[in-house]
Amino acid sequence: MCGIAGYIGYRDAYPIIIKGLQRLEYRGYDSAGILLYNNDVIISKTKGKVSDLEELMNSGVSKEGNIGFGHTRWATHGIPNDINSHPHTSNSGNLVIIHNGIIENYDSIKKELIKRGYTFQSDTDTEVLVNLIEEVKKENKCKLGKAVQIALNQVIGAYAIAVFDKTKPNELVVARLGSPIAIGIGKENKEFFIASDASPFLEYTKNAIYLEDEEMAIIRENKDIEIRKINDDSIITPEIQQLKMNLEQIEKGGYDHFMLKEIYEQPHAITDTYRGRLNANSGIIRMSGVDDNIDKFLNADRIIIVACGTSWHAGLVAEYLFEDLARVPVEVEYASEFRYRNPIINPNDVIITISQSGETADTLAAIKLAKEKGAFVFGICNVVGSSIAREAHAGAYTHAGPEIGVASTKAFTTQITLLTLIALKLGKAKGNLSTAKYHNYLQEMEQIPKKVAALLTPETDAIVKYIASVYKDASNCLYLGRGYNFPVALEGALKLKEISYIHAEGYPAAEMKHGPIALIDENMPVFVIATKKGHYEKIVSNIQEIKARSGKIIAIVTEGDTEVKKIADHVIEIPETEEALTPLLTTIPLQLLSYHIAVMLNKNVDQPRNLAKAVTVE
Ligand code: F6R
C-alpha cells in the first residue's frame, strides 16, 4: 500500500512524478505529496487524491527541479490529513523521506528521540524514521547511505523508502523490506526512476532493477547504482530486467473505468493465461513450474491453498477442482489466519499461494512460514517479478495484464483458469480422469474465452444494467450458490460490498435454512447461481424456499432454462459448459452487476473508500 514515484536526471521531475503517482493511485489514495529540489527543497502535500495535489501545485507552487519524489498514501499510522501526508522532513530540515509500510517499534524510537530533543509534527511512524536517520547521521558523522543503513538495522517492520538529503542534492537513497521498489535505468545512467511498480517509467525505459528484501540502493546522477545488503553491507550485482508491459495496458482505452475495461478484457486475459500451456488437439498441458516439480505434486499428501480476498475465493474454487478432478485433499486458508495459527505443515504438503499483486503481506509471510517448515511452495501471481513470485519455490504467472481497478475481476478468472489447468494435469497424471473426459475438458476450456465474450454483449449488459437499476437501493443482498459456484457467490457479494458499499453476504445455498433465511422478505434481493449442471434440482428447491418468503430472486441460469425462469423475478443466461468450468462464466454477470450498481450510486468504482490494491501491511 502507498505508492512511491521518483526521478533523478536531466528532465523536469514534476510531470514524471505526478503522472507516476496517478498510475500508482490504486495503491492508496488517502493523501498525496511531493518533494522537488531546485536550489532549495519544495514540499507540497495534501489530504486527498493526486488531483488535489495537482490543484495545490497549480496554485503558484514552483514545479522546477530535476530531482524529486512523490507519494500517494494509504493511511496506517495517523489519520489521513495534510500533516500526516508524506513526504516527512527531519528536524533539521535537511532530510526528506517517503515511506510505504509500517515501522512497528516506532513508539520506543520516538520516545528515545524525544529524550534527545527531537520534536514531531505528525502522528506517523515515518517522521520517526526520518529523524532516526538524522540522529544516526549526526552521531556517526556519516553520509546519508550509511545513516539509512544503520537506522534500518534498528527498526522492526516493513518498508519501501526513498530518502533525500538537501546537503547532497544529487542522490537518492532507496531501501526495501517487504514493500516493493523498482528502479528504472535511463540511457547511459543519465537518469533514474524509482517507483513501487514499473508503471511510472514505462515510457522512458524498459530496463529495471527490482530491489530484493533487505537491499538498499544509492542512486546518483551519471553514476552506477550502488546496491548493498542492509544487514551485512555486502555489495550486490543487480539483475537488470527487460520490462514487457506497455503503456496501452495501463491506460483506460476508452472505457469509463479500469474495472469495466478489465471485465471486458477477460476473454483475452483467459486466453493469455492458457496460451502456450494448453494444447487441446494434442491433449497436452505444459506448465514448467508444475512439470519441473511434478513428483512433489503427485506425491503430495495434501494441497494447502493460502490467499486473501478474491484470491482466496479462487482458492476455494480450486478446492473443488483438485478434489473433484485430481482426488487430492485440499485445505484453503486465509493467509492471515494460517500464519498465526501455528499450522501443521508437513514436508509432503504442497502449498499453493494465490495473489494478483504478489505483494500481499500476509500471503508473503505464510510462504516464509511454510518454507521454514519444509513444504514446497508454488506461487500463482499476476505481477511479474513480484515478491511472492520470487519467494515461492516455483510458480506460474496468470498473464492477465495489469489490473488497476481496486476490485479484482480478471485476476479472479485467470487464477481459476490456471488452477483448472493444474487440476486437469494432475487428474490425468494420477489416472483419475479418463482420456475422453480429459480431452473433453481441454476442448471445453478452449471455448471458455468465446463463452465469456458472449456474456459481454450489449444485450447481456442491458439485462444486467436493468437489474442493477431495480436493486441499486437495496440495503442488503444475499448471494447463493452450491458446489463450484458457492465461492462465486462469495465473490459476487464481495464485489458488491467493496464498490457500492451495500451490505452483501455469500452463502452455500443449502446453508440458507440454518440462519440467513430469517432475513428474507420482499425487500431482500437474492442472487442465486442455478446452472443446469451442478445440484440443479436442489437449488431449484432453495429458490422455491426464497419465493415462499417473498424474497426477490435474480437467477443466473444456463441458456434455455425454463424451470427457474418460471419462478425467478429476473434471469441472466450463461452459455452451457462443464460444471467445473462454470465459475468462469457465472462470475461475469455478477462483476457487471456490481459495476453498474456502483456507477448508478455514483461511487468511485476504481478507488473504493478505505481500500488499496496491494495490501502490503498485515
Ligand atoms: C477484492 C480484492 C482483494 C484482493 C486481496 C488479495 O476485489 O481485490 O480482496 O483479492 O487483497 O490481493 P492479492 O490477490 O493481490 O494478494
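This is a predicted model: local features need pLDDT of at least 70, side-chain atom pairs count only at pLDDT 80 or more; totals for chains, interfaces and linings use all residues.
I8 stands opposite F192 in β10.

**The antiparallel sheet**

In a sheet, strands pair through backbone hydrogen bonds, in either a parallel or an antiparallel manner. Here β1 and β10 are members of an open sheet of eight strands with antiparallel pairing, in the order β3-β2-β4-β1-β10-β9-β11-β14. Strands β3 (41–47) and β14 (241–242) stand at its edges; each has a single partner strand, so one side of each is left without a neighbour in the sheet.

Helix α1, residues 13–24, lies across β1, β2 (31–37), β4 (67–73) and β10, and runs at about 160 degrees to β1. Helix α2, residues 50–57, packs on the sheet as well, where it touches β2, β3 and β4; its direction makes about 135 degrees with that of β3.

Strand β9 pairs with β10 in the antiparallel sense over four bridges, and I185 stands opposite F192 in β10. The hairpin of β9 and β10 has six residues between the strands, and in it E188 takes a positive phi near 50 degrees. Strand β9 is also joined to β11 (residues 207–210), which runs antiparallel to it, by three bridges; within β11, A208 is the bridge partner of G184.

| Strand pair | Sense | Bridges |
|---|---|---|
| β9 and β10 | antiparallel | four |
| β9 and β11 | antiparallel | three |
| β20 and β21 | parallel | four |

**The parallel sheet**

Another open sheet has five strands in the order β18-β17-β19-β20-β21, with parallel pairing. Its edge strands are β18 (330–334) and β21 (394–397), each of which pairs on one side only. From one strand to the next, the twist averages 20 degrees. Strand β20 comprises residues 376–381, and its residue I380 stands opposite A396 in β21. Helix α12 lies across β17 (302–307), β19 and β20, and runs at about 165 degrees to β19.

**The second largest pocket**

Rolling a probe the size of a water molecule over the atoms shows where empty space is left. The second largest pocket has a volume of about 580 Å³. Its lining consists of 30 residues, of which C308, G309, T310, K613 and V615 lie nearest its centre. The elements that give two or more residues to this lining are α10 (309–326), β19 (349–355), α12 (361–372) and α17 (486–500). The largest share, three residues, comes from α10.

**A buried lysine**

K451 is found in helix α15, residues 435–454. Is K451 buried or exposed? K451 counts as buried because its relative accessibility is 17%, and the cut-off for buried is under 20%. The side chains of K451 and E444 are joined by a polar contact of 2.6 Å. Leaving aside residues up to four places away in sequence, K451 touches E444, P575, E576, T577 and L585.

Notes. Residues are numbered from 1 along each chain as its sequence is written. Side-chain values use heavy atoms; hydrogens and water are left out. Buried means under 20% relative accessible area, exposed over 50%, partly exposed in between (1.4 Å probe, protein chains only). A polar contact is a pair of N or O atoms within 3.5 Å; within protein, one must be able to donate a hydrogen and the other to accept it, and residues adjacent in sequence count only if both atoms are side-chain atoms. Contact means heavy atoms within 4.5 Å. Two strands pair if DSSP finds at least two bridges between them. Axes are lines fitted to C-alpha atoms, for helices over the stretch in contact, and angles run from 0 to 180 degrees between N-to-C directions. On a 1 Å grid over the protein atoms alone, a cavity is a set of points where a 1.4 Å probe fits but cannot get out, and a pocket is an open set with protein on both sides within 12 Å along at least five of seven lines; lining residues have an atom within 4 Å of a point. Grid points are joined across faces, edges and corners, and a volume is the space filled by probe spheres set on the points.
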